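Let us read a protein model together. Look at the chain first, then follow the questions.

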Amino acid sequence: MSKLTPHIKSQSLTALEAWLAEHGHKPYRAKQICEWVWKHQVKDYDEMLNIPLALREALRADFSLEHLEVAEVNGAKDTTQKFLFKLEDGRFVESVLIPANIGKGGVQSSRQTLCVSSQVGCAYGCKFCASGLLGLTRNLTTAEIVQQIVQAQNHSGKRIDNLVFMGMGEPMANLPNVLQALDIITHPWMIGIGARHITLSTSGLAPQVKKLAMYPQQVRLAISLHGATDEVREQIMPVNKKWKLEELFESLDVWVEHKKQRLTFEYILIKGINDDLEQAKLLAKHANRFGAKVNLIPYNTVEGLEWERPAMSHCQKFQREVIAGGVTTTLRIEKGHDINAACGQLRLRKEQSLS
Ligand code: SAH
Ligand code: SF4
């Protein structure tokens, strides 16, 4: 089957219904096909017992049904699991499954969060990030995005109910495929994760933020800020040369106008670079402008990079300063550090060793 053949798991319900109509089949077949594809996870069209042969053959001719190959699964002590997927062209991407206990109103609930990749590598070259080190290889297809979730569920036996686009790549630079994936991920016949439990993280592609604001579902947005002035941000994020803070903030005005969910500002703390308390004050000011909350992340060591994380006592001081500015602020204690699965550590080791 040609590489260009679309995957059945890249078809939204609307697309599948249109295809059925074009091929002279009744619309109710869409639900039956979805059950085989998503619920039973069939590996061959012949397993679709209530689908007539002619329709099965037409599906086979037009859509691939290959499962995404799981090349490796690594578990960490804190039960964070990293999945390494081998793509059809031999490239690799990773997803990380992070179980979390969240205490809500005194009741402990267990959430399974999956951190998914949106590209192989990344073009934006942030100076602290492992994914950015090698540049961009290619966008992931819609099917490759959604199948990370399917396969992580299959292999862990856990239902994923929270999704973050914080793995490899910049989701806003692959927006058409990401939006198509969102239609599939949120549909109850397909993956069925509620839009409010899905967060897209971006380094600040302002025009794409405006586009995403028009997407009808209430997904969440996290902005990788990492600097509260252009000067500080530009040292570590080349993307800031293209879209300055004020331009990014204008796109967030549009976002806030259209979306009910609270924004998050992600802020990595790097010793001596962006951890000055002046930055904390300005960060609080920016967060207040949008009613955003702040997530502080002590920098994770990346092999080959010489940045350092500040002392925990300094991170806490920085946090107190942002809180003093009236902003809800968390200081992240990373999970998965011991398997290089913490955010920013996803890297194409396999691919490197092959090339
Ligand atoms: N490209 C998108 C999404 C992927 S990066 C973005 O930049 O938002 C996901 C998150 O991991 C971002 O907040 C990113 O800044 C963070 N990250 C990257 N490298 C890191 C590191 N070394 N330590 C801690 N967080 C890191
Ligand atoms: Fe790309 Fe995000 Fe890494 Fe920056 S932090 S290089 S945008 S993946």
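Q: At what angle do helix 10 and helix 11 pack?
A: Axes are lines fitted to C-alpha atoms over the stretch in contact, and angles run from 0 to 180 degrees between N-to-C directions. Helices are DSSP runs (H or I, at least four residues), numbered from the N terminus. In this predicted model, helix 10 (residues 277–290) and helix 11 (residues 312–324) pack at about 35°, with axes 8 Å apart.

Q: Which residues make the contact?
A: Contact means heavy atoms within 4.5 Å. Helix 10 gives Leu277, Gln279, Ala280, Lys281, Leu283 and Ala284. Helix 11 gives His314, Lys317, Phe318, Glu321 and Val322.

Q: Which way do the side chains of strand 7 point, and are they buried or exposed?
A: Strands are DSSP runs too (E, at least two residues). Buried means under 20% relative accessible area, exposed over 50%, partly exposed in between (1.4 Å probe, protein chains only). From strand 7 (residues 162–165), Asn162 and Val164 point one way. Leu163 and Phe165 point the other way, and all are buried.

Q: How many bridges join strand 7 to strand 8?
A: Two strands pair if DSSP finds at least two bridges between them. Here there are 3, and strand 8 (residues 198–202) runs parallel to strand 7. Phe165 stands opposite Leu200 in strand 8.

Q: How much of the chain is buried?
A: Buried residues make up 54% of the 355 residues. The chain has 12 helices and 12 strands.

Q: What conventions apply?
A: Residues are numbered from 1 along each chain as its sequence is written, and chains are lettered from A and ligands numbered from 1 in the order written. Local features need pLDDT of at least 70, side-chain atom pairs count only at pLDDT 80 or more, totals for chains, interfaces and linings use all residues, and side-chain values use heavy atoms, leaving out hydrogens and water.
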